[in-house]
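Keep the structure open as you read.

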Amino acid sequence: MEHKKLRVLLVEDSPDDADLILSELTEGGLSIDSTRVDSADEMKAALSGADWDVVLSDYNLPGFSAQEALELLQASGKDVPFIIVSGFVGDEAAVAMMKAGAHDFVIKGSMARLVPAVNRELSEAETRRRYALSRTALQKSETRFRALAANIPGMVFQLLLEDSTLRFPYVSEGCQGLFGISPR
């Protein structure tokens with residue numbers, strides 16, 4: 001079975017390091033379609049021009065940084081995993097980036113972590129996407145239900161018996177017309 005190509009946005013100033021990262025991903029069994037950027041303007045254009053599965057960013061580039069790249073990604077509104085792949089990221093900087101929203105960091109000298117980190121973040125992004133779709137579907141269903149209940153002559157309610165106690169978790173607005181009391 002043919003696997004979907006992974007769309008990778010590389011924020012990297014070194015073509016050699018970009019090749020190293022891409023090589024690690026392909027050797028790890030991933031099929032890659034990538035674009036390399038090394039400035040804020042290039043990243044903005046890449047974010048507006050395509051959908052990405054993951055952003056892999058060097059920590060410190062001349063005139064551009066992982067922090068700025070992360071901020072651009074966040075400003076785009078896209079939920080894309082952001083992983084720092086750098087020669088050196090101090091503990092404090094790594095923690096600060098994670099608190100700011102980066103999903104992981106991989107030291108270029110320990111590239112064996114890269115493919116598992118990418119796979120985990122792709123899985124988590126898919127979980128977030130499915131959750132958002134479920135929430136949207138639930139909200140639409142709730143809106144349809146409320147519209148239906150509001151237009152039924154009479155009253156719609158839910159009655160539960162819990163521990164010998166009756167309660168009404170839901171009562172429609174029709175309660176006001178029938179009994180002259182608020183559904184609350």
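Start with arginine 7. Its charged end sits over the ring of tryptophan 52, at 4.3 Å from the ring centre. Bear in mind that this is a predicted model.

Now go to strand 7, residues 104–107. Its side chains alternate. Asp104 and Val106 point to one face, and both are buried.

Which way does strand 6 run relative to strand 7, parallel or antiparallel? The two strands run parallel, and 4 bridges join them. Strand 6 covers residues 82–86. Look at valine 85: its bridge partner in strand 7 is valine 106. To get from strand 6 to strand 7, the chain passes through helix 4, residues 91–100. This β-α-β crossover is right-handed.

Step past strand 7 to lysine 108. This residue lies in the loop between strand 7 and helix 5, which spans 114–151. Is lysine 108 buried or exposed? Its relative accessible area is 14%, which is under the 20% cut-off, so lysine 108 counts as buried. What surrounds this lysine? Leaving out residues up to four places away in sequence, lysine 108 touches Glu12, Asp17, Ile21, Asp58, Val85, Ser86 and Gly87. Two of these names deserve a second look. The side chain of glutamate 12 makes a polar contact of 2.9 Å with the side chain of lysine 108.

Next, the aromatic rings. The model has 2 aromatic pairs. In the pair of phenylalanine 157 and phenylalanine 168, the ring centres are 5.7 Å apart and the planes stand at 65°. That angle is over 60 degrees, so the pair is edge-to-face. The pair links distant parts of the chain, with the two residues 11 apart. Phenylalanine 157 belongs to strand 8, residues 157–162, and phenylalanine 168 to strand 9, residues 165–171. Phenylalanine 157 is partly exposed at 44% relative accessibility. Phenylalanine 168 is partly exposed too, with a relative accessible area of 46%.

Finish at glycine 174, in helix 6, residues 174–179. Glycine 174 and phenylalanine 157 are 17 residues apart in sequence, and their C-alpha atoms are 9.4 Å apart in space. Leaving out residues up to four places away in sequence, glycine 174 touches Gly154 and Met155.

Notes
Residues numbered from 1 in each chain as written. Predicted model: local features only at pLDDT ≥ 70, side-chain atom pairs only at ≥ 80, totals over all residues. Heavy atoms only, no water. Buried < 20%, exposed > 50% of the residue type's maximum accessible area, 1.4 Å probe, protein only. Pairing = 2+ DSSP bridges. Right-handed = clockwise from strand over helix to strand, strands pointing away. Polar contact = N/O pair within 3.5 Å; in protein donor to acceptor, adjacent residues only side chain to side chain. Contact = heavy atoms within 4.5 Å. Phe/Tyr/Trp six-rings, centres within 6.5 Å; stacked < 30°, edge-to-face > 60°. Lys NZ or Arg CZ within 6 Å of the ring centre and 35° of its normal.
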